[in-house]
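User: Could you take me through this model and tell me what stands behind the terms you use?

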Amino acid sequence: MISTGINGLDEMVGGGIPKNGRVLYSLDPGVDGRLFMISALSSALAQGTSCLVILPHTTVEAFGNDAARMHGTGLDSAPKQPVFLDTIDRERIQKLGPSQEARKREWVRRIQKVCRENQVEVIFAYFDLLYEDFGLETGLEILESARNSGASTYILELLNFDGAPLLERFVRDFSFDLVLRARSSLHPLPQFTYFTLVHTSWSPNYCRSVPFSISEGRVVPYVPKILVTGPPGSGKSTFVTSACRNEGEEDTGVTCRNGKDQEIDFCWLRWNDFDITIYGTPGHTASDPLVPPSFKRAMGVVLVIDATRPGLLSSARQLIEKVTVHLTPLVIAANKSDLPGSMDEQEIRKSLGIPADIPVFAISAIRKPDVRFVLESLVDSITQVS
Amino acid sequence: MYSYKTGIALIDEVSGGFDAGINVLILAPAMSYADQLAYTLAKPLQGEYAIVLSTNERAAEVIDAFKLAGADKRFTGVIDAITKSSTPGIMDTQRMMFVSSPTDLTGIGIKFSNMIETIFEGDFSEGETGLFPPPIRLCVNSISTLLMYRRLEVLYQFLHVLIAKLKKIEGVGIYLLNSESFDDKTLSLIKQLMNCVIEVKLENNISYLRIQGIPGVSGDWRKFTVTKGQVILFE
């Protein structure tokens with residue numbers, strides 16, 4: 001196994017990348033996911049693996065500086081130094097003329113020569129320009145040729161403008177073993193990045209999305225947090241309980257006490273490939289100071305109101321102001337909407353003074369499908385690709 | 001919705017400026033003052049920010065040009081695709097970021113996102129004005145250079161994504177393209193991405209422009225010059 005260099009990712013894929021594997025790190029435009037490749041490279045070098053890095057877009061020196069800055073430690077501190085083919089090689093190959101066949105032969109010759117002379121085991125290739133120069137099939141054939149010279153594993157980074165259909169081709173037509181897509185959305189503002197394990201050949205149907213941040217040269221996966229808040233007695237605990245209860249499954253929700261002896265509900269659930277933690281804020285006014293700090297790392301907020309108690313909407317309005325300061329996606333769950341005398345959506349919107357882009361759902365918090373629908377809508381608004 | 005003043009009375013008096021989310025192509029021959037025109041349209045006014053993607057000039061030169069145009073450099077950021085090839089060790093700052101070359105669309109996209117994030121988080125400069133979303137003018141100087149390094153189809157996809165993001169954050173985009181260096185198919189494809197085209201031509205060493213795509217604004221050719229960050233149109 002070759003470690004991905006990211007602990008959380010290694011755990012997700014069962015320890016790392018199998019030898020002889022084909023790996024694709026697909027980056028959606030604008031997503032800072034370059035550390036996936038750099039981390040894997042650093043990790044392979046630290047293990048003493050002989051690596052070739054193909055950089056058609058930049059020079060060795062500029063890449064070395066970027067890698068050191070991104071990862072915190074320079075590649076030159078690794079026990080094993082990589083070998084490179086860089087933009088200068090590409091320029092020389094381009095000068096061979098318009099014949100794609102001639103240029104392909106030269107790429108293959110250079111890669112095989114470097115691999116043979118250095119007993120290269122793993123190739124790291126920035127694939128954009130090979131893809132552009134030769135197309136997908138021929139570009140991959142060029143890399144495949146290295147297998148004849150002993151380099152049995154290759155790991156690609158690609159700027160992906162074509163989305164899921166292109167990734168399907170890598171899996172279906174070219175038998176890639178691991179395909180990871182780094183993506184982003186502009187919500188919560190300004191950017192929320194996450195990766196999706198689209199495919200792992202040794203773990204079929206293993207599709208999972210995990211948000212990540214970049215911190216001190218590391219990719220740090222984290223569990224998204226959704227906050228359920230609302231005025232006292234609006235049904236927050238009921239909402240959280242319904243969210244996590246699965247028929248025939250163990251209840252994943254708990255209620256615990258914080259240091260101030262206040263009850264906090266939370267639960268876990270799996271939704272749209274995300275593992276999500278749902279927190280309920282304490283309901284009593286004495287706990288109000290706790291509420292704003294809890295918004296800070298929330299990726300979405302469900303504001304539960306009691307549709308039969310208009311008198312409580314003033315405190316709901318205050319909560320909305322606190323949420324919108326952080327520009328966190330917000331949905332309103334109007335609980336007890338099935339009871340006589342409950343307010344309709346228009347009345348709720350008017351009383352809360354909310355714009356049309358904040359959805360209001362008429363629900364009953366004791367009905368699990370209602371609660372799940374609210375959460376699904378919120379997760380969609382968080383993860384919608386810009 | 002926010003309106004971006006252009007400094008061109010013809011536009012500002014009719015429509016109040018460029019609407020948020022609009023993309024403007026400046027189609028111009030070489031040496032027609034088109035880059036000065038672009039910088040003038042892209043310079044940040046009070047409370048605004050500018051991001052310049054420069055494939056032709058170094059970051060320091062861009063900042064100087066903006067200062068000459070009367071812009072506050074504290075609110076101007078540059079993504080420089082030139083300097084790194086000769087100075088590989090150059091470090092990014094909040095307002096100057098460097099990519100290895102104009103081929104590096106991955107790097108350009110990431111630096112653009114990072115700069116937007118810095119602006120939204122209020123870390124771009126001291127004296128943030130608190131407008132939200134922060135008004136951002138993007139200037140790409142130039143699409144012509146990017147087309148020399150990447151295929152048209154790839155660049156089209158890249159610009160499409162860039163424009164979608166800009167629209168989402170309610171920014172405005174100014175893009176320069178040399179009208180003499182590319183075939184009709186290229187010009188037509190790039191125009192498809194835009195809401196407004198400002199064509200520039202040179203006759204007897206005099207620059208003319210015409211504006212297309214802004215309702216109520218005449219599409220006639222007008223003589224113009226750019227002086228100290230002001231676009232002056234003549235009858």
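Analyst: Here are some terms, each set against its definition. This is a predicted model: local features need pLDDT of at least 70, side-chain atom pairs count only at pLDDT 80 or more, and totals for chains, interfaces and linings use all residues. Residues are numbered from 1 along each chain as its sequence is written, while chains are lettered from A and ligands numbered from 1 in the order in which they are written.

User: What makes the radius of gyration of chain B agree with a compact globule?

Analyst: The radius is taken over C-alpha atoms, and the globule rule is 2.2 Å times the number of residues to the power 0.38. For 235 residues a compact globule would come near 18 Å; chain B has 17 Å, so the two agree.

User: How many residues of chain B count as buried?

Analyst: Buried means 20 or more other C-beta atoms, placed from the backbone, within 10 Å of a residue's own. Of the 235 residues in chain B, 48% count as buried.

User: Why do β6 and β12 of chain B stand at the edges?

Analyst: Strands are DSSP runs of E, at least two residues, and two of them pair if DSSP finds at least two bridges between them. The open sheet has 10 strands in the order β6-β5-β4-β7-β8-β3-β9-β10-β11-β12 (chain B). β6 (96-98) and β12 (230-234) of chain B each have a single partner strand, so one side of each lacks a neighbour in the sheet.

User: What makes β3 and β8 of chain B a pair?

Analyst: β3 (residues 23-28) and β8 (residues 172-178) of chain B are joined in the parallel sense over six bridges, where at least two are needed.

How values were computed: A residue is buried if 20 or more other C-beta atoms lie within 10 Å of its own, exposed if 12 or fewer, and partly exposed in between; C-beta atoms are placed from the backbone. Helices (H or I, at least four residues) and strands (E, at least two) are DSSP runs, numbered from the N terminus.
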